[in-house]
Amino acid sequence: MVRITSPFSGESTAENHVFIKGSVSGASLVNWRLDYGAGQKPAVWTQIASGNQAVTNAVLKDLDITTFPGGIYVIRLMAQNRNGQSFQAFSVLIVLIKGPPSNLSAAAISESKITLKWTDN
């Protein structure tokens with residue numbers, strides 16, 4: 001069995017990290033790997049985690065997405081058994097672009113110092 005339990009397919013986020021959770025099991029499990037790719041049908045996959053032990057609804061990867069441009073990303077979990085069979089599960093993640101800060105204000109503290117305040121969006 002191969003299953004991604006979080007993020008749910010179609011989930012969107014503007015957070016800096018995504019906790020990818022899933023399950024991989026089977027009596028003849030050899031290994032598993034977790035990849036992501038940009039776009040709805042990625043041509044290139046980047047491996048971000050792997051293992052050779054069964055996992056049950058566990059965090060497979062704490063993925064830092066601070067450098068990801070906004071857009072659609074597909075997460076793929078694959079496993080292989082001793083018979084050479086492969087099993088896959090997919091989840092679509094939408095990364096939202098954070099907007100520019102708002103409510104920017106400046107206050108003079110002295111002749112050479114100012115305090116800046118803003119709200120992150």
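Which residue forms a salt bridge with Asp35, and how far apart are the closest N and O atoms? In this predicted model, the partner is Arg33, and the closest N and O atoms are 2.8 Å apart. Let's start from Asp35 and look around.

Asp35 sits in strand β4, which covers residues 29-38. Is Asp35 buried or exposed? Its relative accessible area is 0%, so Asp35 counts as buried, the cut-off being under 20%. Arg33 is another story: at 30% relative accessibility, Arg33 is partly exposed.

The side chain of Asp35 also meets the side chain of Arg76 in a salt bridge, at 2.9 Å from N to O. That pair ties together distant parts of the chain, with Asp35 in strand β4 and Arg76 in strand β7 (residues 71-81), 41 residues apart. Arg76 is buried as well, with a relative accessible area of 12%. Because the salt bridges share partners, Arg33, Asp35 and Arg76 end up joined into one network. If you search the whole structure, you find two salt bridges.

Here are those two pairs side by side:

| Pair | N to O distance |
|---|---|
| Asp35 and Arg33 | 2.8 Å |
| Asp35 and Arg76 | 2.9 Å |

What else does Asp35 touch? Leaving out residues up to four places away in sequence, its contacts include Trp45, Thr46, Gln47 and Ile48, and also Val74, Ile75, Arg76 and Met78. Thr66, on the other hand, is 17 Å from Asp35 in space, C-alpha to C-alpha, and 31 residues from Asp35 in sequence.

Now for another part of the model. Strands in a sheet pair through backbone hydrogen bonds, and they can do that in a parallel or an antiparallel way. Here, three strands make an open sheet in the order β1-β3-β6, with antiparallel pairing. The edge strands are β1 (2-6) and β6 (55-64), and each of them pairs on one side only. From one strand to the next, the twist averages 30°.

How many bridges join β1 to β3? There are four, and these two strands run antiparallel. One place to look is Arg3, whose bridge partner in β3 is Ser23.

Although β1 is an edge strand, β1 is mostly covered: four of its five residues are buried.

Definitions and conventions
Residues are numbered from 1 along each chain as its sequence is written. This is a predicted model: local features need pLDDT of at least 70, side-chain atom pairs count only at pLDDT 80 or more; totals for chains, interfaces and linings use all residues. Side-chain values use heavy atoms; hydrogens and water are left out. Buried means under 20% relative accessible area, exposed over 50%, partly exposed in between (1.4 Å probe, protein chains only). Contact means heavy atoms within 4.5 Å. Two strands pair if DSSP finds at least two bridges between them. Axes are lines fitted to C-alpha atoms, for helices over the stretch in contact, and angles run from 0 to 180 degrees between N-to-C directions. A salt bridge is a side-chain nitrogen of Lys or Arg within 4 Å of a carboxyl oxygen of Asp or Glu.
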